[in-house]
Amino acid sequence: MSSHCDFDYEVFISYAHLDNKPYLDAKKGWVTQFDELLDILLGEYLGSEAKIWRDNMLRNDDVFADAILMNMPRTAVMISILSPRYLKSEWCLREVEAFCKAAETSGGFRIGNKMRVYKIIKTPLRGGDPPEVFKDVLGYEFFRYKDADRDSGRPEPFGVEYGDEAKKLFLDKVGDVAYDIAGLIEMLREQAATAAAAAAQQKNAATPPPAVSLAVPALAEREERPAVYLAEATPDLNIQRDNIKRDLLQRNYRVLPEEPLPANLQDLQRAVRADLQSCALSVHLVGDDYGECPVDDNLSYVHWQNMLAAERETDPAFSRLIWMPRDTRPVEVRQRRLVKELLESSPVGGNSDLLQTSLEDFKTAIQDRLKGERRNAPRPVTLDDEDDTPLVYIVCDRPDAATVGVLADYLYSAGYRVALPEPGGDEASARADHEAKLKTCDGVLIYWHSAPKLWLLTKLDDLQKIRGYGRTKNLSGKAVYVTGEPTTEKERFRSFDALVIKNFGESSLATLESLLAPLVAQLESERGEQARENF
């Protein structure tokens with residue numbers, strides 16, 4: 001067999017037959033559904049019908065079909081559907097070994113930084129380790145845990161028979177596999193075409209031709225694509241990370257890392273720094289879980305990737321975006337510390353931003369940053385700046401804007417100007433508006449109704465960093481108005497940084513006058529001081 005060749009088959013699917021038994025009334029097993037969908041999607045990406053094969057014969061583990069051995073060198077890619085049963089099957093493990101040997105004689109096992117084996121993790125691999133060849137292969141998990149504890153929680157599989165959400169996740173995940181395999185197959189085809197052209201040139205030449213490079217042109221072109229470092233995330237955010245990665249790939253960005261992160265700290269630092277050096281943007285997702293750590297360190301992979309990206313804070317050609325879901329509620333002490341550290345260290349106006357927004361808005365922010373569009377310049381508050389009437393900025397989460405009117409009405413009737421958050425626009429515009437109002441206002445009233453506590457903490461953190469927005473004097477008054485459902489979290493809330501006003505009952509004018517009296521006293525005291533200074 002030539003060292004470079006064209007292939008009769010695009011994909012061989014290696015699986016344990018136990019994993020293809022139909023569930024209950026289902027007419028087709030999981031592997032069959034995967035096979036059929038992959039066939040359609042891979043054909044769409046390649047622009048031609050994909051040829052996929054798998055062994056449908058039920059055999060004993062000691063029977064290894066001659067047809068499998070014969071077809072291995074004629075196959076571009078092998079997919080192993082890993083499960084506990086797969087790891088116990090001598091037959092399946094022999095298929096992996098046979099394909100790896102055949103790949104070395106048919107184009108090479110590794111093409112660039114991609115391997116010709118793909119691991120599909122159908123079921124958590126408890127009680128066994130996959131073959132060594134999979135150590136450096138990124139996997140595709142076809143399940144998730146809604147419970148953060150992966151050791152005790154029950155996994156929820158992706159598949160068409162498990163409900164609408166599980167079906168959509170299954171379709172998306174198979175689409176990711178098809179997209180990645182299509183890219184590798186195109187590289188293999190171009191490699192084969194380059195080799196064939198070189199052989200024809202050598203055969204027809206009267207004299208031996210100079211050495212011909214068999215490098216794949218498409219590989220070089222892919223290496224030159226703009227790269228984004230999309231940090232590996234904890235399992236609770238894998239679906240969101242996949243969504244972001246899918247969006248970046250479809251926009252023709254190269255997404256790093258392309259190989260699993262090394263297990264030891266020194267290699268991890270070296271690999272991440274090298275990948276970051278190739279990127280103008282790094283994207284980090286931080287959620288409830290702290291995640292796994294290198295074998296020789298006690299900081300998680302998520303934590304290390306963020307710290308290594310922060311090393312480039314002073315590089316004007318580099319940006320870092322961090323996303324936390326709005327409902328993030330870290331439980332583990334290390335994760336709470338990490339979240340607090342990120343909130344407190346997030347620079348104002350620098351090349352890093354921490355956003356708590358919807359995933360779609362965050363994806364938009366990523367694209368804006370890749371286009372070189374940074375957050376909008378702060379705009380002045382659209383009020384009469386010559387008016388010396390104290391301005392109170394009511395900070396509220398967008399979904400709670402409809403319930404804040406009674407507070408605004410009371411403050412206005414009490415003789416104050418009132419500013420509210422910008423009602424529309426994207427995340428960058430809203431942030432710019434927020435910073436501008438913090439710079440201009442006399443007092444701040446944070447309205448905590450239904451937003452998660454982490455939202456509240458970010459707003460209190462903004463008050464600590466208020467001078468960074470260009471403000472030259474202290475706030476006259478600042479308070480947190482706690483209302484809505486009287487949860488334990490709200491009832492126990494205390495703050496040394498601002499007045500805390502709690503109201504889980506009516507909001508009549510008389511009630512508000514009594515509750516807001518301490519804030520009004522602060523505002524009036526400051527106004528009195530200013531009047532005396534002017535006099």
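Mentor: Accessible areas come from the Shrake-Rupley method with a 1.4 Å probe, and for residues only the protein chains shown count as cover. On that basis the chain exposes about 26,300 Å², of which carbon and sulfur atoms supply 50%. This is a predicted model, in which local features need pLDDT of at least 70 and side-chain atom pairs count only at pLDDT 80 or more, while totals for chains, interfaces and linings use all residues. Residues are numbered from 1 along each chain as its sequence is written, and side-chain values use heavy atoms, with hydrogens and water left out.

Trainee: What makes W30 buried, partly exposed or exposed?

Mentor: Buried means under 20% relative accessible area, exposed over 50%, and partly exposed in between (1.4 Å probe, protein chains only). W30 has a relative accessible area of 2%, so W30 is buried. F142, at 0%, is therefore buried as well. Across the 535 residues of the chain, 49% count as buried.

Trainee: Why are W30 and F142 called an aromatic pair, and of which kind?

Mentor: Rings of Phe, Tyr and Trp (its six-membered ring) pair if their centres lie within 6.5 Å; planes under 30 degrees apart count as stacked, over 60 as edge-to-face and the rest as tilted. By this rule the count comes to 13 aromatic pairs. For W30 and F142 the values are 5.4 Å centre to centre and 90° between the planes, and the pair is edge-to-face. W30 lies in helix α1 (residues 30–46) and F142 in the loop between β7 (139–141) and β8 (143–144), so the pair ties together parts that are 112 residues apart in sequence. Ring pairs also link W30, F34, F142 and F170 into a cluster.

Trainee: How do you know which kind of pair Y45 and Y179 form?

Mentor: Their centres are 5.3 Å apart and their planes stand at 85°, which places the pair in the edge-to-face class. Y45 belongs to helix α1 and Y179 to helix α5 (residues 164–204), 134 residues apart. Y45 has a relative accessible area of 35% and is therefore partly exposed; Y179, at 26%, is partly exposed too.

Trainee: What is the confidence of the chain, and where is pLDDT below 50?

Mentor: pLDDT is the predictor's confidence in each residue, from 0 to 100. The chain averages 83, and 86% of the residues score at least 70. Over residues 211–219 the pLDDT is below 50, yet this stretch has 16 contacts beyond near neighbours in sequence in the model. Contact means heavy atoms within 4.5 Å.

Notes: Helices (H or I, at least four residues) and strands (E, at least two) are DSSP runs, numbered from the N terminus.
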